[in-house]
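Look at the sequence and the model first, and pick out the strands before reading on. The text below goes through the sheets and then through the surroundings of the ligands.

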Amino acid sequence: MNVKMILPALTEAKSPFFRPIKYSLFPPLGLATLAGYLSDDDAVTIQDEHVETLDLNDEPDLVVIQVYITSAYRAYQIADHYRAKGAYVALGGLHVTSLPDEAAPHADSIFLGPGEDTFPKFLSDFRAGTPQKVYQSQVRDLIGMPHIRRDLIKRHLYLVPNSIVVSRGCPHVCDFCYKEAFFKGGKSFYTQAVDDALAEIERLPGRHLYFLDDHLFGNARFAAALFDGMRGMNRLWQAAGTVQAVLRSGLLEKAVASGLRSLFVGFETLNPESLKEQHKHQNLNRDYNAAIRRLHEFGVMVNGSFVFGMDQDDETVFDRTVAWAVEQGIETATFHILTPYPDTALYKRMQTENRLTTSNWDLYDTRHVVYKPARISPEALKAGYWRAYRDFYRWGSILQGAASKPTLKGQLRHIAYAGGWKKLEPLWDFVIRARRVTSMLPVLEAVLSGGRVAENPITQNRESSSSILDSF
Ligand code: B12
Ligand code: SF4
């Protein structure tokens, strides 16, 4: 059987004028995971529209499309195209799970939730000539899953070909997060077996890894065993974690010893009332400053994630947040405008309060205001969001952030790191167009292993982190 797997892109990622590096970072891991369930006799290709032009003139038997909210319209267009040509079209992913009724008219089968149980079931139904219209994931388990088909990934098109996910979901429940909507009907946090995860890591070439898990530290026992197993593998890695996990004694130490060099941390807001509003209880009463200090002491760079537009936010939130982040010496920051994704608790609340102002999914990219904010105008929210980026990445702020580092080496690293990400955007654009993204990986690895952190005994003689990656 001829199988074509597609990750459609949102418009911005295909712009003829400017290509942000963030769309050339990671390969389509979800599709490569699903491809593992195909048989050796199947001819399969994966096309990622973020990094290549889709070939729509072929005649596959089965087309598998992954649908995110911001690429939903494009996904439906491609699905309609292939159905008109007589191919069987399967649609799945986050957006299909949130809005199955919207997706169903564009598909022969739709898939709700993770695909590790439903996709193999579908394949056997399909081969037997009895595919169903809807597959709902019920069995949440990663034990014994087949190897990810990384051979189908065009590694040279990505800066971080070694992205990896060893768990699914997260133990927490935040109102704005996609997670509860996607995992409904079963477990919403589960991990691979430690040995399987370590074996997957062993299969990845080079040194650098990026864990895309929502919360790699979410299961402390699993994480500790994983980090212990990774010790001695000579890896440099990045991941996402919570303030709570950073403050917990023991785990961070193990992570650093196994190669952690930068961490994406969801601070979201400096206002405890906003944390309560979003039910982000795990951040409440946590000392953010202490968490950052701890990471820096271990030589781990911090990418702080912040959300603007919660009901407590007024026009002062932008300057306050940026000033704090700069003061703390956070190396990179990712700002978002609050975005109510369909089927989340936040979306339902906004809907009940009649505050949603558009259902154009193209605008649900965390850069547009798609609802009526409580204490600020939509225009001021949007302007404040862009101003926050400008202010955080000004040379003055970068130098101020760098000055918070105790050593000259640390200061230089901070400057190279923050500057490399935002100030070199035209260079990234050039490299992407020249299809030379992977040629930058050695540079990245060199920067990641750039300095040594002498001030902490655990990280002594260990390279310290830095990366431009974690600002996506
Ligand atoms: C890596 C990543 C990116 C990368 C690349 C994505 C890629 N190459 O796949 C980049 C940096 C480009 C990116 C960008 C954005 N992202 Co993003 N990203 C992620 C992240 C962290 C990991 C995705 C991943 O690899 N997961 C692991 C794999 C194994 O899981 P999976 O991809 O979901 O695939 C499984 C299932 O979904 C299912 N499945 C998927 N498709 C199909 C199809 C069929 C037929 C079947 C059977 C099953 C199936 O089976 C797979 C195996 O279980 C997620 C968070 C998350 N945990 O998912 C956010 C996430 C997907 N991103 C999100 C957003 C909002 C964005 C941006 C809009 C952010 C922004 N402000 O710029 C942009 C735009 C994305 C776009 N192009 O449209 C949201 C999506 C919300 C939504 N409802 O769609 C998420 C959930 C983050 C969040 N917490 O809000 N992102
Ligand atoms: S901690 Fe992060 S991944 Fe987990 S539910 Fe909250 S926002 Fe989602």
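Predicted model: local features only at pLDDT ≥ 70, side-chain atom pairs only at ≥ 80, totals over all residues.

One residue to look for here is Gly241, whose bridge partner in E12 is Val265. Strands of a sheet pair through backbone hydrogen bonds, and the pairing can be parallel or antiparallel.

E11 and E12 belong to an open sheet of six strands, in which the pairing is parallel and the order is E7-E10-E11-E12-E13-E14. At the edges stand strand E7 (163-164) and strand E14 (332-337); each has a single partner strand, so one side of each has no neighbour in the sheet. Helix H15 (residues 378-392) packs on this sheet, where it touches strand E13 (301-308) and E14, and its direction makes about 175° with that of E14.

E13 and E14 are themselves a parallel pair, with six bridges between them. Within this pair, Gly304 has Ala333 in E14 as its bridge partner. Together with helix H13 (residues 317-327), E13 and E14 make a β-α-β unit, which is right-handed.

There is another open sheet to trace. Its six strands follow the order E2-E1-E3-E4-E5-E6, and the pairing is parallel. Strand E2 (43-48) and strand E6 (134-136) are at the edges with a single partner strand each, so one side of each is left without a neighbour in the sheet. From one strand to the next, the twist averages 15°. Six bridges connect E2 with strand E1 (residues 2-7) in the parallel sense, and Val3 stands opposite Val44 in E2. Helix H2 (residues 72-84) lies across E1, E3 and E4, and runs at about 160° to E4.

Now turn to the ligands.

Around ligand 2 the residues include Cys170, Cys174, Cys177, His172 and His215. Its shell divides into four nonpolar, four polar and two charged residues.

Note on methods: Residues numbered from 1 in each chain as written. Chains lettered and ligands numbered in written order. Near = placed C-beta within 6 Å. Nonpolar A, V, L, I, M, F, W, Y, C, P; charged D, E, K, R; others polar. Pairing = 2+ DSSP bridges. Helix = DSSP H or I, 4+ residues; strand = E, 2+ residues; numbered from the N terminus. Contact = placed C-beta atoms within 7 Å. Axes fitted to C-alpha atoms, helices over the stretch in contact; angles between N-to-C directions. Right-handed = clockwise from strand over helix to strand, strands pointing away.
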